[in-house]
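Trainee: Could you go through this model with me? I'd like to know what stands behind the labels.

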Amino acid sequence: MDLTLVVLAAGRGSRYRGLKQVDSVGPSGEALMDYSLYDAVRAGFRRIVFVIRRDIESQFRTHTGNGLGREVETEYVFQELGSVPAGVSVPVDRVKPWGTGHAILSCKDAVRGPFAVINADDFYGRDAFMIMSRFLAGATPASSKYCMVGFLLGLTLSDHGPVSRAVCRVDENGLLQSIIERTRIARDSGVVSVALDDGTTGRLTGDERVSMNMWGFTPMIFEQLKAEFASFIRNSGHDPAAEFYLPAAIGNLMQAGQATVRVLETGAKCFGITFPEDKAAVVESVKKLIGDGVYPGNVRF
């Protein structure tokens, strides 16, 4: 069974002030996602589905067409405001798509079997793709037993500003029990602080497992997300800024007993580009990985 990797690349990255999805961080013009594609292919993924915006199509196709995208089957899907399931109406004052849950729905017709989801602008590491591949290799198309890779919070933080992370609660059997999006998580002098729902600031240890949006699904997820999206529109469609977040939708499915999520633990560092100042550290991290022999000097072939 061929595994598919869905790469979410439609975000605008307003804090970065540029198209970070294809911004060069490697010695041969590699973007962060090129290292993910390299790792994914070696872990057994044979199809890549890119979820993009139409206004970046030309630049994106040029980058992927000149790199590893030539070596595997690729498909491009557009996340657009009008890409909604039948029976769902788009609010008249809505001007942008609805976030990660909507992005997954957008690629329904491009996915034929078990698949993984990643962000284009995060680095996950080879171990994450290997454990994801092993899980999906044993999945059946009609199963609602999903997975996510859980990273240690302290290994995902930026040194240049606060970030949002989906903090997970995992039971003794390795199953996800809850997932809560937390904002303004930052580390200062070794202390990890977080914004709480009541407006105060709390502390985290840094050892919490968090989702970096690396999920493993079967095609069953599409019908489930379709129902969740319809409910979201009924309840929040009037809010032009509301987002249909994938973690929130998965949390609803778990609470309803419609899905289970196994947390695949890794001790690897997950890094990305949130702020412009992050790029220099990412370039240095990539350089070190090449120096350690983890990657060749050119992963784009």
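Mentor: Let's begin with one arginine: the place of Arg165 is in strand β7 (residues 163-170); strands (E, at least two residues) and helices (H or I, at least four) are DSSP runs, numbered from the N terminus. Keep in mind that this is a predicted model, where local features need pLDDT of at least 70, side-chain atom pairs count only at pLDDT 80 or more, and totals for chains, interfaces and linings use all residues. Residues are numbered from 1 along each chain as its sequence is written, and side-chain values use heavy atoms, with hydrogens and water left out.

Trainee: What does Arg165 touch?

Mentor: Not counting residues up to four places away in sequence, its contacts include Leu153, Glu181, Arg182 and Met212. Contact means heavy atoms within 4.5 Å.

Trainee: What makes the largest nonpolar core a core?

Mentor: The term covers buried Ala, Val, Leu, Ile, Met, Phe, Trp, Tyr and Cys residues joined through side-chain atoms within 4.5 Å. This one has 46 residues, and Leu5, Phe45 and Phe129 are among those with the most contacts inside it. Helix α4 (residues 126-137) gives the largest share, 5 residues. Apart from it lies another core, of 39 residues, Val49 and Trp215 among them.

Trainee: How do you know that the buried residues of α7 are on the same side?

Mentor: Asp278, Val282, Val286 and Leu289 are the buried ones. They cover an arc of only 70° around the axis, which puts them on the same side of α7; the arc is that of the directions from the helix axis to the C-beta atoms. The face turned away from that buried side carries exposed Ala280, Lys287, Lys288 and Gly291.

Trainee: And what is the expected span of α7?

Mentor: The rule is 1.5 Å times one less than the number of residues. Helix α7 (residues 278-291) has 14 residues, and its 20 Å from first C-alpha to last is close to the 20 Å expected.

Trainee: Which residues of α2 are buried?

Mentor: Phe60, His63 and Thr64. They fall within an arc of 90° seen down the axis, so they line one face of α2. Their cover includes α1, β2 (45-52) and β3 (73-78).

How values were computed:
Buried means under 20% relative accessible area, exposed over 50%, partly exposed in between (1.4 Å probe, protein chains only).
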